[in-house]
Every structure is written in structure tokens, then in C-alpha cells.
Amino acid sequence: MAMTDVLSAEDIKKAVGAFSAAESFNYKKFFEMVGLKKKSPEDVKKVFRILDKDQSGFIEEEELKFVLKGFTPDGRDLSDKETKALLAAGDKDGDGKIGADEFATMVAES
């Protein structure tokens, strides 16, 4: 499954482009711009599964660094600071990774 099966290619391009500058990533604005906030819980789970590259059931810190590339190959890598901020925002139970429910909560809160 590709990200464009769930989200519009145009929305993805705009959202990733809006955060192309280093240290500019804001997950709340990104999820809104990419159209994820308006999607069904099932679609949000599909996006989670795409971002969970190793299919472990969690998005670990190493996968978060490449979250924009998960939306489009043209996306930049997040800085360590941005990656840690994203992990802190999503990791509600403090286990150092983001599960599907935590991801859905993060999208809903954005």
C-alpha cells in the first residue's frame, strides 16, 4: 500500500514542502495539511502501518527520523531534535516508541 492510496498526492506534496526547512517540522500542522486529521480511524491505521517500516507494531525513534520520507521519497530527514519532539508528543506510555493507538491519539489531538 502506498501513502497516496490513503492521502492525496497534492496534499502530501504541499505538506512535506511546507516543512522542507530544517527545524521547521510541526506534527500538528503537518497532519492537518496532509489531510490525515479528516481521515477515518481505519485510514489513520493504514498510514501508521506504512510508517511502521519494520512492521513491529510500533514506530520507533529510528523510523520517526524518516517520517516525511514515509509520505514521499522527496521528504527530508527530521533532525534529532525534531525526532525527539515528535516521539515525546506521541509516546504517551513512555516506552520509547509510538504504538497505533498513540499515533491515532496524536493525529486526533492535532
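**Note on the predicted model: annotated loop, core and salt bridges**

1. Phe58 is in strand S1. The model discussed here is predicted. Phe58 counts as partly exposed because its relative accessible area is 28%, between the limits of 20% and 50%. Beyond its neighbours within four places in sequence, Phe58 is in contact with Phe48, Asp52, Glu63, Asp95, Lys97, Ile98 and Gly99. Phe58 and Ala100 are separated by 42 residues in sequence, yet their C-alpha atoms are 6.7 Å apart in space.

2. Which residues does UniProt list for "binding site"? The unreviewed entry gives Asp52, Asp54, Ser56, Phe58 and Glu63. Of these residues, Glu63 is included in the lining of the largest cavity. The annotation comes from the record and may be inferred rather than shown by experiment.

3. Is Asp52 buried or exposed? Asp52 is buried, because its relative accessible area is 2% and the cut-off for buried is under 20%. Asp52 sits in the loop between H3 and strand S1, which spans 58–60. Setting aside residues up to four places away in sequence, Asp52 touches Gly57, Phe58, Ile59 and Glu63. Two of these contacts, Phe58 and Glu63, are also in the UniProt list.

4. Ser56 is in the loop between H3 and S1. With a relative accessible area of 35%, Ser56 is partly exposed. The side chains of Ser56 and Asp54 make a polar contact at 3.0 Å, and both residues are on the "binding site" list of the unreviewed entry.

5. Gln55 also belongs to the loop between H3 and S1. Its phi is positive, about 55°, although Gln55 is not a glycine. Gln55 is exposed because its relative accessible area is 54%, and the limit for exposed is over 50%. Glu23, in the loop between H1 and H2, is another residue other than glycine with a positive phi, near 65°. Glu23 is partly exposed at 45% relative accessibility.

6. The largest nonpolar core has 31 residues. Leu7, Phe25, Phe30, Leu36, Val47, Phe71 and Phe103 have the most contacts inside this core. At least two core residues are supplied by each of helices H1 (9–18), H2 (27–33), H3 (41–51), H5 (67–71), H6 (80–90) and H7 (100–109). The largest share of the core, 5 residues, comes from H3. As a general point, nonpolar side chains in soluble globular proteins tend to be buried together.

7. What does Leu36 touch, leaving out residues up to four places away in sequence? The contacts are Leu7, Phe31, Val44, Val47, Phe103 and Val107. Among them, Leu7, Val47 and Phe103 are listed, like Leu36, with the residues that have the most contacts inside the core.

8. The whole structure holds 8 salt bridges. One of them pairs Lys65 with Asp80, with the closest N and O atoms 3.1 Å apart. This pair links distant parts of the chain, 15 residues apart: Lys65 is in the loop between helix H4 (61–64) and H5, and Asp80 is in helix H6. Lys65 is partly exposed at 22% relative accessibility, whereas Asp80 is exposed at 51%.

9. Glu109 and Lys92 form another salt bridge, with 3.3 Å between the closest N and O atoms. The pair again links distant parts of the chain, with Glu109 in helix H7 and Lys92 in the loop between H6 and strand S2 (97–99), 17 residues apart. Glu109 is partly exposed at 43% relative accessibility, and Lys92 is partly exposed at 47%.

10. A salt bridge also joins Arg49 to Glu42, the closest N and O atoms being 3.3 Å apart. Arg49 is partly exposed at 41% relative accessibility. Glu42 is partly exposed at 40%.

11. Which residues carry the UniProt annotation "domain: EF-hand"? The unreviewed entry assigns it to residues 39–74 and 78–110. In the model, the span 39–74 is 56% helix and 8% strand, and its end C-alpha atoms lie 23 Å apart. The span 78–110 is 64% helix and 9% strand, with 19 Å between its end C-alpha atoms.

Terms used. Residues are numbered from 1 along each chain as its sequence is written. This is a predicted model: local features need pLDDT of at least 70, side-chain atom pairs count only at pLDDT 80 or more; totals for chains, interfaces and linings use all residues. Side-chain values use heavy atoms; hydrogens and water are left out. A nonpolar core is a set of buried Ala, Val, Leu, Ile, Met, Phe, Trp, Tyr and Cys residues joined through side-chain atoms within 4.5 Å. Buried means under 20% relative accessible area, exposed over 50%, partly exposed in between (1.4 Å probe, protein chains only). Helices (H or I, at least four residues) and strands (E, at least two) are DSSP runs, numbered from the N terminus. Contact means heavy atoms within 4.5 Å. On a 1 Å grid over the protein atoms alone, a cavity is a set of points where a 1.4 Å probe fits but cannot get out, and a pocket is an open set with protein on both sides within 12 Å along at least five of seven lines; lining residues have an atom within 4 Å of a point. A polar contact is a pair of N or O atoms within 3.5 Å; within protein, one must be able to donate a hydrogen and the other to accept it, and residues adjacent in sequence count only if both atoms are side-chain atoms. A salt bridge is a side-chain nitrogen of Lys or Arg within 4 Å of a carboxyl oxygen of Asp or Glu.
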